[in-house]
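Please look through the structure below before reading on.

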Amino acid sequence: MVGLLHSLEIAVGATIVGLVIGTWGAYGKLYGGPVVRDLFAVYTTVVRAVPELVLILLLYYAGTDLINQVLTAMGYQRVDISGLVAGIAVLGFVQGAYSTEVIRGAILAIPQGQIEAARAYGMSPGLLLRRITLPAMLPFAIPGLANLWLIATKDTALLAVVGFSELTLATRQAAGVTKAYLVFFLAAGVLYLCVTLVSNFLLGRAEKWARRGMPSIKDA
Amino acid sequence: MAGEAAIINTAARASLWLQPHRIVLILIALGLVTSAALFMRWDWLPQYWEMGLMGIWRALWILVVTCVLGFMIAVPVGLAQAAGSIWVAAPAKVFCTIIRGTPLLLQLWLLYYGLGSLFPQYPWIRESWMWPYLRQAWPYGVLALTLSFAGYEGEVMRGAFAGVPKGQLEAARAFGMSRWKIFRRIWLPQAFYRALPTLTGETVLQLKSTPLVATISVIDIFAVSSKVRQDTYLTYEPLLLLALIYMVITGILVFAFSRIERRIPVKIG
């Protein structure tokens, strides 16, 4: 049960980090200068082409090592980064690449006139982002982001490989102690399935809410 | 004339692509790569060269086998959901939901540790011809990856089957084709064309799940790089090389699929 809690914590954290990176990334890709645009293109391409497992290993070891080296070079003590923080950071980095693409597509789907109208009203870019772009792109982005959330819950299982005790690894340890492998793995599977089904229901509600006032897809 | 225009066009595109900042970025990237090649330790490479090639070969083999088998399961699963009665559609739907709702790592471990620990309890399994295979790890890996691919692709095929225009099928029936012939000549090819772009993405995703089989002791390229790390205590070099290998394979896959996609008629429906 603690394992499930850990899994959910990481999934939520990683999704939030991913959303922040994704929003900035999408903005950078759409409105940034040529250098920023190319850098984000490299980031999304590389992250999406390399298996998550390899990325997690690479970032998990390299990231903690790098931070410690920087800290020692600056004269601070080495810090022991907890698995939770590292897991959130790593998965968030991976999720960021995917959500960049989703959000970029969603922003492109907003009727251009809305953004132009907001500019004509003299809104600052921050206000424009908060009042117009984000709410207007939400209905287009939610299906993609819902997929990403489901992927995030399942990607937390990969952290078992680097030895972070989330649901899958906890299951394996419990199963190893009691020798009842099949029972424990089936139970964990049911737990994951419940998470998926519950979030499917909630995300369906959220999408309906975000689409309020828009013509239904069936009519279009 | 057309040739000249094409040459001018490609030249213009090249100059558009090679803007000054891109050149600087490319130089920086080249500098990073050369410094990585020069200053990091690569002396372990000759020793593990053969093993690495074996690993790549095995990963590709698993990828191809699971994709082909998975697609063969996905077609009936998708068809059942798109056109079957509720007795066929409901189990197919449940299968897809379960596969897509649980992590692949969990499915893999469930099959390997769970089922694998059940089999030795029955003497008749131990005496059967299957036992030498069931004792190894790779059948479980292949089975888990196949089922996972079938689950995801079954959902895609459902949409593809449902998306084939009704008129096409009615026309086929009007020609007096038998049901099997309609399926083979009309329904399946058109659904396949529709599913092809998604199929590319699914195949790349499948490639990215193959390293998971390393966790149940199948020696693929990922397992080789873990072994290098354990033997030499190097952290970055094997992982960086591994990431590069996967990127190259992904690039080749995407290129190959785009070639196939170009061969199919664009105007459908």
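The points below are grouped by topic.

This is a predicted model, in which local features need pLDDT of at least 70 and side-chain atom pairs count only at pLDDT 80 or more, while totals for chains, interfaces and linings use all residues. Residues are numbered from 1 along each chain as its sequence is written, and chains are lettered from A and ligands numbered from 1 in the order in which they are written.

**Two helices of chain B**
- Helix α9 (residues 166-174) of chain B packs against helix α10 (residues 179-209) of chain B at an angle of about 165°, with the axes 10 Å apart (axes are lines fitted to C-alpha atoms over the stretch in contact, and angles run from 0 to 180 degrees between N-to-C directions).
- α9(B) and α10(B) are therefore roughly antiparallel to each other, a term used for angles over 145 degrees.
- Gln168(B), Leu169(B), Ala172(B) and Arg173(B) in α9(B) meet Ile182(B), Ile186(B), Trp187(B) and Gln190(B) in α10(B).

**Where chains A and B meet**
- In all, 33 residues of chain A are in contact with 29 residues of chain B, contact meaning that C-beta atoms, placed from the backbone, lie within 7 Å.
- On the side of chain A that touches chain B, α8(A) gives the most, with ten residues.

**Helix α7 of chain A**
- α7(A) has twelve residues and reaches 16 Å from its first C-alpha to its last, close to the 16 Å expected at 1.5 Å a residue.
- Just after α7(A), Lys179(A) takes a positive phi of about 65°.

Definitions and conventions: Helix = DSSP H or I, 4+ residues; strand = E, 2+ residues; numbered from the N terminus. Parallel < 35°, antiparallel > 145°, perpendicular 65-115°, else oblique. Contact = placed C-beta atoms within 7 Å. Expected span 1.5 Å × (residues − 1).
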